[in-house]
Amino acid sequence: MTTIGQLLRDLFNQDFTSLSDSDAFHSAFFKKTLTIQNLKKIFDVVSQSSITVAGKTIPAAILIPCGKDMPTGEMPFQILAQTHGNEPAGLAGIALAMALSEAGLLRRDIIGLIGNPLASSQYFDAYLKDPHARQETRDAYRCGLDAEGNLLPDMNRIPTDFMSRTADTHHLKRAQEIYHASLHVCGIADIHTARGNMVCFTDHKYDGELKYSPIRSLLTGLAGAIAAYSSGTSNVQTWKSILANLPNLKSHT
C-alpha cells in the first residue's frame, strides 16, 4: 500500500521531511496545481485506508499524525472530503495535512475521511473514461448511482433517525460511520467544490466562522434555515443540523 511519503513524492517530486521551514514548505506545496488525476491518487490512498475510533473501524479514512505527542485530552481535527462524489477539492486539503505532517509542521493529528466513497469512486471512473466531457455530465456522481443507474440518497440529507436504523445501505452505513468519527474530533472542515473561482464558507457551527466568506451577510443563519426546512418537510437533516450541537466540536465549517 502506498505510504503518505510515497504519495507526496509522486505528486510533488519533493521530500517534505526536509522542509521544516514554513516559507520553503509553502513554496514547494503551492507551486503545484493538483489535477483530477492527482486528486484520484489521493483518493486511492485514503479510500484504501481505515482507522479505528473508540473501538469502531472507519473505512475510507486515514490518520495523519502531527509527529509529536498532543496534550492529554486533545482530540484530532477532521477533514471531510467528497461528501458529494463530484466535489474532490477536499482531497487537496487532506494532501496539505499530509505534507505538513511530513514536514513536522502539523500541530495536531488530522483525520482525513471520504464522505461518500461509492459516489467518489464512480466520479473518478467516469472522469477517466471521458476526461473531456463537460463537468455537469458527471453531476449524477454527486450522490452516486445504484446498479440499475438510479440516483442514490444525498450524503448531506440524512434521515432524522439514522442512528437507530439498520445499516443495510451504503447511505446509512456511511452516515453512522461519519457521525461516530465526529464524536471524537475537535472540529470538522467539510470541504466542497464549486465550478467558479471562489472560496466561500456556507456550512458552519458559529456565525463567526463566516468571517472569511465574501458573502457572509447573506449566509449568516442560512445553513440553519435550510436544515430546518429540510427536517420539517422531508424528515431529513443536514450534517450542519446533526453536528451543530455536539459539545466536542469547537469548529464546524
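How many residues does helix H5 have, and how far does it reach from its first C-alpha to its last? I will start there. Helix H5, residues 117-129, has 13 residues. From first C-alpha to last it reaches 18 Å, close to the 18 Å expected at 1.5 Å a residue. Please keep in mind that this is a predicted model.

Some context on the chain. Its secondary structure comes to nine helices and nine strands. The chain has 253 residues, and buried residues make up 47% of them. Of the contacts between residues at least 6 apart in sequence, 69% join residues at least 24 apart.

Back to H5. Its buried residues are Pro117, Ala119, Ser120, Gln122, Tyr123, Phe124, Ala126 and Tyr127. What do they pack against? The partners are helix H3, residues 36-47, then H4, strand E5, residues 110-114, and helix H6, residues 170-182.

Take H3 next. At 1.5 Å a residue, its twelve residues should span 16 Å, and the end C-alpha atoms are 16 Å apart, so the two values agree. Buried in H3 are Ile36, Asn38, Leu39, Lys40, Ile42, Phe43, Val45 and Val46. The cover over these residues includes H1, strand E3, residues 61-64, and also H4, E5 and H5.

Is Lys40 buried or exposed? Its relative accessibility is 17%, and the cut-off for buried is under 20%, so Lys40 counts as buried. Setting aside neighbours within four places in sequence, Lys40 is in contact with Phe124 and Leu128. As a general point, an α-helix has 3.6 residues a turn, so residues three or four places apart point the same way.

Now to helix pairs. Two packed helices are described by the angle between their axes and the distance between the axes.

On the H1 side, the contact is made by Leu7, Asp10 and Leu11, and on the H3 side by Asn38, Lys41, Ile42 and Val45. Sorted by class, this contact of H1 with H3 has four nonpolar, one polar and two charged residues.

The other pair is H1, residues 4-12, and H4, residues 90-103. Here the axes come within 10 Å and cross at roughly 110°. H1 is therefore roughly perpendicular to H4. The crossing of H1 and H4 is left-handed. Which residues make the contact? From H1 they are Ile4, Gly5, Leu7 and Leu8, and from H4 they are Ala95, Met98, Ala99 and Glu102. By class, the contact of H1 with H4 has six nonpolar, one polar and one charged residues.

Phe29 has 6% relative accessibility, so it counts as buried. Where is Phe29 relative to Leu96? The two are 67 residues apart in sequence and 7.7 Å apart in space, C-alpha to C-alpha. Leaving out neighbours within four places in sequence, Phe29 is in contact with Phe12, Phe16, Ala92, Ala95, Leu96 and Ala99. Two of those, Ala95 and Ala99, also take part in the contact of H4 with H1.

That is the end of my part.

Definitions and conventions:
Residues are numbered from 1 along each chain as its sequence is written. This is a predicted model: local features need pLDDT of at least 70, side-chain atom pairs count only at pLDDT 80 or more; totals for chains, interfaces and linings use all residues. Side-chain values use heavy atoms; hydrogens and water are left out. Axes are lines fitted to C-alpha atoms, for helices over the stretch in contact, and angles run from 0 to 180 degrees between N-to-C directions. Helices (H or I, at least four residues) and strands (E, at least two) are DSSP runs, numbered from the N terminus. Angles under 35 degrees count as roughly parallel, over 145 as roughly antiparallel, 65 to 115 as roughly perpendicular and the rest as oblique. A crossing is left-handed if the near helix is turned anticlockwise from the far one by less than a right angle, and right-handed if clockwise. Contact means heavy atoms within 4.5 Å. Ala, Val, Leu, Ile, Met, Phe, Trp, Tyr, Cys and Pro count as nonpolar, Asp, Glu, Lys and Arg as charged, and the others, Gly among them, as polar. The expected span of a helix is 1.5 Å times one less than its number of residues. Buried means under 20% relative accessible area, exposed over 50%, partly exposed in between (1.4 Å probe, protein chains only).
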